[in-house]
Amino acid sequence: MPSHIHFQSISATDQARAVAFYTEKLGFEVERDEAYGDDRWIFVQLPGAQTMLQIAKESAITPSDKPALVLLCDDVDADVAALRNLGVPIHLGPDTAPWDPSTRWAMIHDSEGNLILLQTVGGQ
């Protein structure tokens, strides 16, 4: 049986700009950045995580109005304040989740327009 998700792909019009957003704003590290034909095979990863995020050319995957990525935070309110200070526009929240009163959540867009859900689950 599978042990964990290996990677999730997210679309990017400008891969370099997307890498900068995820590394400089959200604390990801570049795991791999290699030529792949005319494209780049780019993966970023949170320190200590098993799952990677592939930053794919937009022609392969298009942004959605649903979250393309969900990130768990220790304190979503503090993280939203820090992201605001880094110039990241906050799309929604932070607020108490209507699906669970012990969960706090917020939404941002990355540099490529992908919607990201940030949440603190169970009052963490």
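Start with Val 44, which touches Tyr 22, Phe 28, Glu 29, Val 30, Glu 31, Met 52, Leu 53 and Ile 55, leaving aside residues up to four places away in sequence. Contact here means heavy atoms within 4.5 Å.

Before going on, the ground rules. This is a predicted model, in which local features need pLDDT of at least 70 and side-chain atom pairs count only at pLDDT 80 or more, while totals for chains, interfaces and linings use all residues. Residues are numbered from 1 along each chain as its sequence is written, and side-chain values use heavy atoms, with hydrogens and water left out.

Back to Val 44. This residue lies in strand β3. Helices (H or I, at least four residues) and strands (E, at least two) are DSSP runs, numbered from the N terminus. Is Val 44 buried or exposed? Val 44 is buried, with a relative accessible area of 0%. The cut-offs, for protein chains only and a 1.4 Å probe, are under 20% relative accessible area for buried, over 50% for exposed, and partly exposed in between. Between Val 44 and Asp 33 there are 11 residues in sequence and 8.6 Å in space, C-alpha to C-alpha.

Side chains of opposite charge can pair when their charged atoms come close. The term salt bridge is used for a side-chain nitrogen of Lys or Arg within 4 Å of a carboxyl oxygen of Asp or Glu. How many salt bridges does the structure hold? There are 4. One of them joins Asp 33 to Arg 40, with the closest N and O atoms 2.8 Å apart. Both partners are partly exposed: Arg 40 at 36% relative accessibility, and Asp 33 at 38%.

Another salt bridge is between the side chains of Arg 32 and Glu 31, at 3.5 Å from N to O. Glu 31 is also on the contact list of Val 44. Arg 32 is partly exposed, with a relative accessible area of 27%, and Glu 31 is partly exposed at 34%.

Next, Arg 17 and Glu 112, whose side chains meet in a salt bridge of 2.7 Å, N to O. Arg 17 belongs to helix α1 (residues 15-25) and Glu 112 to the loop between β7 (100-109) and β8 (115-120), so this pair ties together parts that are 95 residues apart in sequence. Here Arg 17 is partly exposed, with a relative accessible area of 38%, whereas Glu 112 is buried at 8%.

Now helix α2. Which residues of α2 are buried? They are Val 76, Val 80 and Leu 83. These residues sit on the same side of α2, because they cover an arc of only 65 degrees around the axis. That arc is taken from the directions from the helix axis to the C-beta atoms. The cover over the buried residues of α2 includes α1, β6 (90-97), β7 and β8.

From β6, take Pro 94, which is placed in that strand. Pro 94 touches Val 76, Asp 77, Val 80, Arg 104, Trp 105 and Ala 106, again not counting residues up to four places away in sequence. Pro 94 and Val 80 are 14 residues apart in sequence and 7.2 Å apart in space, C-alpha to C-alpha. Pro 94 itself is partly exposed, with a relative accessible area of 26%.

Last, the pockets. Rolling a probe the size of a water molecule over the atoms shows where empty space is left. On a 1 Å grid over the protein atoms alone, a pocket is an open set of points with protein on both sides within 12 Å along at least five of seven lines, whereas a cavity is a set where a 1.4 Å probe fits but cannot get out; lining residues have an atom within 4 Å of a point. Grid points are joined across faces, edges and corners, and a volume is the space filled by probe spheres set on the points.

The largest pocket holds about 260 Å³ of space. Of the 15 residues that line this pocket, Thr 51, Met 52, Leu 69, Val 70 and Leu 71 are the closest to its centre. What gives the most to this lining? β5 does, with 4 residues.

The second largest pocket has a volume of about 200 Å³. Its largest share of lining, 3 residues, comes from α2.
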